[in-house]
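Keep the sequence and the structure in view while reading.

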Amino acid sequence: MDDTFITGLPKAELHLHIEGSLEPEQMFAFARRNRVSIPFDSVEAIRSAYSFSNLQDFLDIYYAGADVLRTEQDFHDLALAYFRRVKADGVVHAEIFFDPQTHTARGIPFQVVADGLAAGLAAAEAQLGITSRLILCFLRHLEEEDAFVTLAAAEPWLDQIAAVGLDSSEVGHPPSKFSRVFAAAASSGLKRVAHAGEEGPPEYVREALDVLGVDRIDHGNRALEDPSLVARLVREAKTLTVCPLSNHKLCVVDDLAAHPIAAMLKLGLRATVNSDDPAYFGGYVADNFRAVAPLLTRADMVQLARNSFLGSFLSDVAVNAHL
Ligand code: ADE
Ligand code: ZN
C-alpha cells in the first residue's frame with residue numbers, strides 16, 4: 001500500500017496514553033533537567049529493555065519511566081512532542097489518556113499534571129491545528145477509594161476532561177470493582193471508556209458496558225470469543241480502540257499477520273486503529289496502520305479512519321465535518 005495513502009488519511013487517535021509517548025531520548029532529557037537518576041546509561045539500553053511477555057511486564061517499566069516527569073513544563077513538552085510527531089501521520093484529533101495516580105503517588109500534585117497537559121493540548125491546537133480531549137484514567141490495580149480521591153482532585157479541571165477511563169493490570173480487576181466511581185463520574189457529566197478484553201475475558205467487556213456504561217471499549221480483542229457479545233457490540237455501534245503493535249508486543253496476538261482487525265471490520269464492529277504506548281511498542285498511529293496494511297483494503301483503511309471520528313467525543317457537527 002502506498003504510504004502517502006496511509007499518512008494522507010485524516011484520522012483521530014482514540015487510544016493513546018500520554019505517558020506511553022515518552023521516548024527514551026526524552027526520558028534522558030527530563031532526567032537530566034530534573035536531576036533524577038534512571039537505571040540506564042544509554043538510549044539503546046532503554047530500548048533493549050523493551051521486550052515484554054505480557055501486560056504486567058510492560059506496566060512495570062512504564063510506571064518506572066514516568067518517574068522522570070516532574071514539572072508542568074515536562075507534561076506540556078511531552079504532550080506537544082506527541083502532537084508534533086503525529087501531525088505527519090494525518091492525525092487531526094486525539095483523545096488522550098493520562099494516569100494521574102502514577103504521578104500523585106510520587107508526590108506530584110494533580111494540578112501540575114493537569115495544567116501541564118492542558119497547556120500542551122492548547123499549544124498543539126494553536127500551532128498545529130490538531131484538536132484534542134483529555135481522558136482521566138483510573139489505575140485498576142488500586143482500590144476504588146483511590147479512584148474517588150482522584151476524581152475529587154480533578155473537580156476544578158472537569159471542564160477540561162471529556163471522560164474517565166480504566167487502565168493498568170486487567171486480570172483480577174474487573175470493571176465492576178469501579179462501578180460507584182464511574183457512576184459518580186457520569187453524574188459529573190463525564191463520558192466513560194474502559195480497557196477491557198485485552199488480557200481479560202469477554203465477561204469484562206460485558207461488565208464495562210453494563211456496569212460502567214462505557215461508550216467505547218479500549219482493545220476488546222477477547223470479545224471475539226463470544227458471538228453474542230460481538231452481535232451486541234455491532235448492534236449498539238460501540239467503538240473498539242484497537243492497538244495492533246501493542247497487541248503484538250504484549251503477546252495479545254502471536255503474529256501481526258493474523259491480527260483480528262480485518263475480521264473485526266468484516267463482523268461489522270466499529271474498530272479503530274491506535275498506538276496505545278508508541279514509545280514502548282515501536283510506532284505511532286501511522287505505523288500501526290502500516291503494520292496491518294497487508295490485511296486490509298483501501299476501503300477498510302477509509303472505514304477505520306471514519307470509525308475514529310464516529311467513535312470520538314467530538315460534537316455531531318464536528319464529526320460530520322470530518323467524514
Ligand atoms: N496503560 C498503558 N497502556 C496500557 C495497556 N495497553 N493496557 C492497560 N493499561 C495500560
Ligand atoms: Zn491502553
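Glutamate 198 is buried, because 23 other C-beta atoms lie within 10 Å. A residue is called buried if 20 or more other C-beta atoms lie within 10 Å of its own, exposed if 12 or fewer do, and partly exposed in between, with C-beta atoms placed from the backbone. This is a predicted model, in which local features need pLDDT of at least 70 and side-chain atom pairs count only at pLDDT 80 or more, while totals for chains, interfaces and linings use all residues. Residues are numbered from 1 along each chain as its sequence is written, and chains are lettered from A and ligands numbered from 1 in the order in which they are written.

Glutamate 198 sits in the loop between β5 (191-196) and α10 (202-210). Helices (H or I, at least four residues) and strands (E, at least two) are DSSP runs, numbered from the N terminus. Apart from neighbours within four places in sequence, glutamate 198 is in contact with Leu55, Glu170, His219, Asn221 and Val252; contact means that the C-beta atoms of two residues, placed from the backbone, lie within 7 Å. UniProt, in an unreviewed entry, gives Glu198 the feature "active site". UniProt positions are in the numbering used here, feature names are shortened, and annotations may be inferred rather than shown by experiment.

The unreviewed UniProt entry also places the feature "binding site" at His15, His17, His195 and Asp276. These positions are spread over 262 residues of sequence, yet they cluster in space, with a largest C-alpha distance of 11.7 Å. Histidine 17 belongs to strand β1 (residues 11-17) and is buried, with 26 other C-beta atoms within 10 Å. Leaving out neighbours within four places in sequence, its contacts are Phe97, Asp99, Asp276 and Asp277. Histidine 195 lies in strand β5 and counts as buried, with 28 C-beta neighbours inside 10 Å. With neighbours within four places in sequence again set aside, histidine 195 is in contact with Leu166, Asp167, Glu170, Asp218 and His219.

Which residues surround ligand 1? They are His17, Gly20, Leu55, Tyr62, Asp167, Ser168, His195, Glu198, Ser246, Asp276 and Asp277, where a residue is near a molecule if its C-beta atom, placed from the backbone, lies within 6 Å of it. This shell is made up of two nonpolar, five polar and four charged residues. In that division Ala, Val, Leu, Ile, Met, Phe, Trp, Tyr, Cys and Pro count as nonpolar, Asp, Glu, Lys and Arg as charged, and the others, Gly among them, as polar.

In helix α2 (residues 24-34), Pro24, Met27 and Phe30 are buried. Seen down the axis of α2, the buried residues fall within an arc of 120°, so they line one face of the helix; the arc is that of the directions from the helix axis to the C-beta atoms. An α-helix has 3.6 residues a turn, so residues three or four places apart point the same way. The face of α2 turned away from the buried side carries the exposed residues Glu25 and Arg32. The buried residues of α2 pack against α3 (43-48), α4 (55-65) and α5 (72-87). After α2 comes arginine 35, with a positive phi near 55°.

In helix α8 (residues 144-154), the buried residues are Ala147, Thr150, Leu151 and Ala154. Viewed down the axis of α8, they fall within an arc of 100°, so they line one face of the helix. Glu145 and Ala152 are exposed on the face turned away from the buried side of α8. The packing partners of the buried residues of α8 are α6 (100-104), α7 (110-128), β3 (131-139), β4 (161-167) and α9 (179-187).

Lysine 177 is in the loop between β4 and α9. Lysine 177 is partly exposed, with 19 other C-beta atoms within 10 Å. Setting aside neighbours within four places in sequence, lysine 177 is in contact with Arg140 and Glu144.

The chain as a whole has 17 helices and eight strands. The radius of gyration is 18 Å, close to the 20 Å that the globule rule gives for 323 residues, so the chain is as compact as a globular protein of that length. The radius is taken over C-alpha atoms, and the globule rule is 2.2 Å times the number of residues to the power 0.38. Of the 323 residues, 49% count as buried.
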